[in-house]
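Open the model in your viewer and get ready to select side chains.

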Amino acid sequence: MRIARLETPEGPRSAVAVDDRWDFIIDPFAREIIFTGDSTPMDGAVLLAPVQPGLVVGIAHNLTNNNHVLPIQAWQKSAHTVAGPGDEILAQRGVGTVNVEGELAVVIGRSATGLTVENAFDYVLGFTVANDVTNVDQVPVDEKNFQSKSGVNYTPLGPWIETEVTDPENVSTEVAINGEVRARSGSFNLPSSVAATLAYVTRWLTLEPGDVIMTGAPNTFVAVHPGDRVDITLEGIGTLSSTVG
């Protein structure tokens, strides 16, 4: 099932993809999806970020990459950086290289704490595409990832939430700039599994419905410049497109 968040005259509304239309629903996080009875054609629909997270968590995978004491290292990215499909990323000027990073993002479906590798996916609503835009040259001077990860529309999400991903540990990722594929990889190349990442995060922090965990960039980062178009495609989920301003 694909769940999107659409711009409508009544404000943002969630909807489920059915044939060539979006059928509106009351609450995407309800145990049982309830349809409102109205719909809108897919053609011409304006998609927003599929969720408004209270919390966005990023992941650094240190295992095999460096000698840091934490094999999985989590950090928080401001929810104010979240953007939707087609939104313009406003690249920070005068701070060095700006990278886009194509990542598999987990959308939490219900309150989650103390998860295990075995039950982690039971608490997941679905998966979406994340672009973890980064001011790369700020990383060495700001170990808290504030300067490196902050900017207008620095976390595009979308185009929707896919609830039926066969194997989250085996999702291929492709990053294209101006129509040219510049990076290919996938969650299968992450040093730690997606399930292990969720278990780690919820050992320290309770996650709530709508929270987003960006699972890391397995060599899916590419430098961009103003005027570029970015297309990030995750197998079985969809393509998230943005422009750089």
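Here is a walk through some of the salt bridges.

Before you start, note that this is a predicted model: local features need pLDDT of at least 70, side-chain atom pairs count only at pLDDT 80 or more, and totals for chains, interfaces and linings use all residues. Residues are numbered from 1 along each chain as its sequence is written, and side-chain values use heavy atoms, with hydrogens and water left out.

How many salt bridges does the structure hold? There are 10. A salt bridge here is a side-chain nitrogen of Lys or Arg within 4 Å of a carboxyl oxygen of Asp or Glu. Side chains of opposite charge can pair when their charged atoms come close.

**Stop one.** Select Arg-13 and Glu-10. They form a salt bridge, with the closest N and O atoms 4.0 Å apart. Glu-10 is exposed, at 63% relative accessible area. Exposed means over 50%, buried under 20%, and partly exposed in between (1.4 Å probe, protein chains only).

**Stop two.** Go to Arg-21 and Asp-23. Their closest N and O atoms are 2.7 Å apart in a salt bridge. Asp-23 is buried at 12%.

**Stop three.** Now select Glu-101 and Lys-149. This salt bridge has its closest N and O atoms 3.9 Å apart. Glu-101 sits in strand β9 (residues 98–108) and Lys-149 in the loop between β11 (134–135) and β12 (155–162), so the pair ties together parts 48 residues apart in sequence. Strands are DSSP runs (E, at least two residues), numbered from the N terminus. Both Glu-101 and Lys-149 are buried.

**Last stop.** With Glu-101 and Lys-149, they are linked in a network of salt bridges.

Terms used
Helices (H or I, at least four residues) and strands (E, at least two) are DSSP runs, numbered from the N terminus.
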